[in-house]
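Student: I am new to this structure. Could you take me through one part of it closely?

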Amino acid sequence: MLLDLHGLAARRRVVLVGGKGGVGKTSVASAVALAQARAGRRVLVVSTDPAHNLGHLWQRTVGDDVARLADEAPGHLDGVEIDPERTTAAHLSAVRATLRRLMPEHLGGEVDRHLDLAHDAPGMHEAAILERVADLVQRGTADYDLVVLDTAPSGHTARLLSLPETMGAWTDGLLRRRDRSDRLGAAAQMLGGRGEATARRDAEIRSVLTRRRERFAHLRDVLTDHEACTFVVVLAAERLPVLETVELTRRLTGLGVAVGGLVVNKRSPADAGELLAARHAAEASHLATLRTELPDVPMREVPLLARDVVGREALERLGDLLA
Ligand SMILES: Nc1ncnc2c1ncn2[C@@H]1O[C@H](COP(=O)(O)OP(=O)(O)OP(=O)(O)O)[C@@H](O)[C@H]1O
Ligand SMILES: [Mg+2]
């Protein structure tokens, strides 16, 4: 089946673009986003990759605040690059402020020590990035017609996508424990054993946890809604990338995420000398494997271009190749 990437994106609210490093994720994400903006939609492209190149691609600074990349009245394209360091710092300082407010004063030093250590704990960057992605998807789906997520290389992405589940379960556990202590607290209060300040603090902890849970639940709901969201895998027609694409596609499908298309990028030409013709033939055999393993996912080949994809014109040309 031939992939019509623009047709696919036109019917979605969220498009995720993933794949191995350097295959062309950022280029494809921007080309799709630009085409949708030109078709009159309000589009936000979000880079979640710590090694960003949205800015390089658009030949301008794109940072952690939303920047206008193209005006296509009535449509437009905005971009944002999630800064993991700034995101982690902001995340921890929000957690610190909440904990400081909610914990008894004499534990303040304890809270600080704990959070200073947490900054470098495994998974902290991912958790912070996920909070930010959840927030951007929630705000993005409200303020834009389409959000395109340019994700980090494969393994990372599948983990990121399974995090709403994990973190939702974790927050649920905390909430259940809260419930029990709320009930105990209410009983204690009736007996005159608990102050009103404690009860207020408990209610606030509960509401912080509930908001967070709702944010992750929203992200998971959007990502697993096949009408609203689709995942596009970009790959090179080589042996390992093909095997990894098969694995990534199965993993995503298992998580309930629809894989709507495969973009085989930088395909070697058959008619430009012996070396490239040999490569073209080798690639064809890898693509045959891909077809056998994933017969139902629409696919499109994009030729190897003479030049890097930089700037608006190049993105329009790449967009034409995806149509
Ligand atoms: N079809 C193509 N032909 C030639 N060069 C291409 C093609 N598509 C992308 N490129 C170039 O390949 C390089 C990598 O592309 P891009 O940055 O989009 O990949 P990426 O998957 O986002 O990489 P990373 O994993 O580092 O974020 C860039 O220099 C880009 O201009
Ligand atoms: Mg990239």
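Student: How many residues does the largest nonpolar core have, and which of them have the most contacts inside it?

Tutor: Keep in mind that this is a predicted model. The largest nonpolar core has 37 residues. Those with the most contacts inside it are Val-46, Leu-149, Phe-231, Leu-262 and Leu-290. Helix α6, residues 124-143, provides the largest share of this core, with six residues. There is also a second, separate core, made up of 34 residues. Leu-8, Leu-77, Val-234 and Val-302 are among them.

Take Leu-290 from the largest core. Set aside its neighbours within four places in sequence. Leu-290 is then in contact with Leu-235, Val-242, Thr-245, Val-246, Leu-262, Val-264 and Met-299. One of these, Leu-262, is itself listed with the most contacts inside the largest core.

Now turn to the second largest pocket. It holds about 490 Å³ of space. Its lining counts 25 residues, and the closest to the pocket centre are Gly-22, Gly-24, Ser-27, Lys-266 and Val-309. By type, the lining residues divide into 12 nonpolar, eight polar and five charged. Four elements each supply at least two residues of this lining: α2 (25-38), α3 (54-58), β7 (259-267) and β8 (299-303). Helix α2 gives the most, with three residues.

So look at α2 itself. This helix has 14 residues. From its first C-alpha to its last it reaches 20 Å, close to the 20 Å expected at 1.5 Å a residue. Helix α2 is largely enclosed by the rest of the structure, because 12 of its 14 residues are buried. The buried residues include Lys-25, Thr-26, Ser-27, Val-28 and Ala-29. Further along α2, Leu-34, Gln-36 and Ala-37 are buried too. After the helix comes Gly-40, whose phi is positive, near 100°.

Finally, pick one residue of α3: Leu-54. Leu-54 is buried, because its relative accessible area is 0%, and buried means under 20%. Again leave aside its neighbours within four places in sequence. Leu-54 is in contact with Thr-26, Ser-30, Val-45, Ser-47, Val-62, Val-80 and Glu-81. Two of those names, Thr-26 and Ser-30, are buried residues of α2. Asp-221 is another matter: it lies 167 residues from Leu-54 along the chain, and their C-alpha atoms are separated by 27 Å.

Key
Residues numbered from 1 in each chain as written. Chains lettered and ligands numbered in written order. Predicted model: local features only at pLDDT ≥ 70, side-chain atom pairs only at ≥ 80, totals over all residues. Heavy atoms only, no water. 1 Å grid on protein atoms, 1.4 Å probe; cavity = no way out; pocket = protein on both sides within 12 Å on 5 of 7 lines; lining within 4 Å. Points joined across faces, edges and corners; volume = space filled by probe spheres on them. Nonpolar A, V, L, I, M, F, W, Y, C, P; charged D, E, K, R; others polar. Buried < 20%, exposed > 50% of the residue type's maximum accessible area, 1.4 Å probe, protein only. Contact = heavy atoms within 4.5 Å. Expected span 1.5 Å × (residues − 1). Core = buried A, V, L, I, M, F, W, Y, C linked by side-chain atoms within 4.5 Å.
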